[in-house]
Amino acid sequence: MSKAEAAAKAKASPKGPTKAKPKIAVPPMPVKPAYLQAKSAAPAKADATDDGRRGFLRLGFWGLGAVLALWTLATVKFMFPNVLREPPSKFKVGPPDAFPVGKVETKYKAQFAVWIVNTEYNGQQEIYALKSVCTHLGCTPNWLEAEQKFKCPCHGSGYYKDGINFEGPAPRPLERYAIRVAEDGQIEVDRSRTFHEELGQWGNPSCFIPV
Amino acid sequence: MAGLSEIIRESQLWKSIFRHPMPVDRRNRIVVMLTNFFLHLHPVSIKKQGIALSYTWCMGGVTFFLFLVETVTGVLLMFYYRPTVQWAYTDIQMLRDVDSLGIMREIHRWAAHAMVITVWLHMYRVFLTGSYKPPREFNWVIGVFLLLLTLLLSFTGYLLPWDQLAVWAITVGSNMARATPILGHEGPGQQLLTLGGVDMITSASDARFALLGAREVGEETLNRFYILHCIAIPLGVALLLAVHFWRVRKDGGISGPL
């Protein structure tokens, strides 16, 4: 009630607080009849059916989970194509006498990303094919004839004529492609096989033609 | 003229679209907001602290606006761009001649640069005002994912003009993926996934291959990056943006006290 009502009530009954309410005698809670008490025994009977349903549902969800996991794996595999559309890796560059001693041939760089070099390495004169991809981050270096070195325009990696890195951020020497003299007497380069100097692979006879 | 607008507003056509009359009191304003799909995405009212520019910088809002600009200009650009090695470069060069308002590509590029700048400013502001503290920690995490997706959008979009800058930037950038631990064919731990003597992770099956769709940047990469740039990543951004905004709202509105 509002303040005004309370003030009016206090004024109307000045003899103090009103009488307390009479105490109510509460009867005791009735005992449950038999048919209701039987409920505690009922779950034991329904348990078998419930377990069956629960088991089936659980199996179903596990099956769904397995299918979803397989679907996810299949989607990931989807992103890896099985077909590579690349030009053939082997190509011919002419007979060995087209490459005089000391020459770095640059005319196959644009189409095949390779330099054909005829120089001395490890005490013997060799013709080999250097992959024209900088070992730093993949740009195409240039052969500087006047300074007799390969120099990458991206970050300044420098390589000697034999492909060994000597300046800049390049971590390792240029790679070599497999090279051989084919049946018709021409040099054939195979881009599908590379040889790393730092792994000791430049001694492999497949990566140079002795002159 | 007042009679004409009255007639329109009493017509069945109007009433079927706009169910409630124009708001004239606070209750009706709220009703109109809450029962409209587009309007209910915004709160009915915002606290005064939300527009304290020297505190919020509004960079989050500006970033979102730039994202919308990018979406609109991007969709328009898609009408004249073919993501093939044969046509990509020419289509973008020709845009100015082929179409009026050919500055779409300039707007798209400028807005992209601006969006990266504003997203960093937004991140900086959130950090300075401590708006990442509990209970807002997870919203910060969502924000970091949004940042990553923004940078990926920039990365994938950069390839699409197919000029020298684009091809070499993506070549160099994706070459870093070769050195991924375990999943890159020149990274540490590459041998871990060898089954029965057969390398599972090679130059034709590593993480870089999945990104490029081939062993070098080429036709497949252009197509893949086009789809990532226009559909896949924007969908991810939209999803995370929704959660990001929802969380801001539920935590008491922008720039609320902790």
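Predicted model: local features only at pLDDT ≥ 70, side-chain atom pairs only at ≥ 80, totals over all residues.
## Domains and the chain contact

Chain A is divided into domain 1, residues 34–78, and domain 2, residues 90–210. The centres of these two domains of chain A, taken over C-alpha atoms, lie 66 Å apart. Chain B is divided into domain 1 (1–38) and domain 2 (54–250). Here the C-alpha centres of domain 1 and domain 2 of chain B are separated by 42 Å.

The largest nonpolar core holds 26 residues. Tyr128(A), Ala129(A) and Ile179(A) touch the most other members of this core. Four elements of chain A give two or more residues to this core: strand S3 (114–121), strand S4 (124–131), strand S9 (176–181) and strand S10 (187–195). A second, separate core has 12 residues, including Ala88(B), Trp162(B), Ile170(B) and Cys230(B).

Leaving out residues up to four places away in sequence, Ile179(A) touches Tyr128(A), Ala129(A), Ile187(A), Val189(A), Cys207(A), Phe208(A) and Ile209(A).

## Helix H7 of chain B

Helix H7 of chain B covers residues 104–128. At 1.5 Å a residue, its 25 residues should span 36 Å, and the end C-alpha atoms are 35 Å apart, which agrees. Its buried residues are Arg105(B), Ala111(B), Ala112(B), Met115(B), Thr118(B), Val119(B), His122(B) and Val126(B). Among the elements that cover them are helix H5 (59–78), helix H6 (88–98) and H8 of chain B.

Gly130(B) follows H7(B) and has a positive phi, near 65°. Further on, Pro135(B) lies in the loop between H7 and H8 of chain B. A cis peptide bond joins Pro134(B) to Pro135(B), with omega about 5°. Most peptide bonds are trans.

## Helix H9 of chain B

Helix H9 of chain B runs over residues 164–175. The distance from its first C-alpha to its last is 16 Å, close to the 16 Å expected for 12 residues at 1.5 Å a residue. Ile170(B), Thr171(B) and Ser174(B) are the buried residues of H9(B). Viewed down the axis of H9(B), they fall within an arc of 105°, so they line one face of the helix. An α-helix has 3.6 residues a turn, so residues three or four places apart point the same way.

The face of H9(B) turned away from the buried side carries the exposed residues Gln164(B) and Leu165(B). Cover over the buried residues of H9(B) includes helix H8 (137–159) and helix H10 (207–212) of chain B.

## Residues with positive phi

Most residues other than glycine have a negative phi. Trp162(B) has a positive phi of about 60° although it is not a glycine. Trp162(B) sits in the loop between H8 and H9 of chain B. It counts as buried because it has 21 C-beta neighbours inside 10 Å. Trp162(B) is also one of the residues of the second core.

Gln148(A) is another residue other than glycine with a positive phi, near 55°. Gln148(A) is found in the loop between strand S5 (142–144) and strand S6 (149–151) of chain A. It is exposed, with 12 other C-beta atoms within 10 Å.

## Other sites in chain B

Asp91(B) lies in helix H6 of chain B. With 20 C-beta neighbours inside 10 Å, Asp91(B) counts as buried, since the cut-off is 20 or more. Asp91(B) touches Tyr80(B), Tyr81(B) and Arg82(B), not counting residues up to four places away in sequence. The C-alpha atoms of Asp91(B) and Tyr81(B) are separated by 5.6 Å, and the two residues are 10 apart along the chain.

His185(B) lies in the loop between H9 and strand S1 (194–195) of chain B. His185(B) is buried, with 21 other C-beta atoms within 10 Å. Leaving out residues up to four places away in sequence, His185(B) touches Arg178(B), Gln190(B), Ile201(B), Thr202(B), Ser203(B) and Asp206(B). Leu53(B), in helix H4 (53–56) of chain B, is exposed, with 7 other C-beta atoms within 10 Å.

Conventions. Residues numbered from 1 in each chain as written. Chains lettered and ligands numbered in written order. Core = buried A, V, L, I, M, F, W, Y, C linked by C-beta atoms within 7 Å. Contact = placed C-beta atoms within 7 Å. Expected span 1.5 Å × (residues − 1). Arc of directions from axis to C-beta. Domains from an automatic or database assignment.
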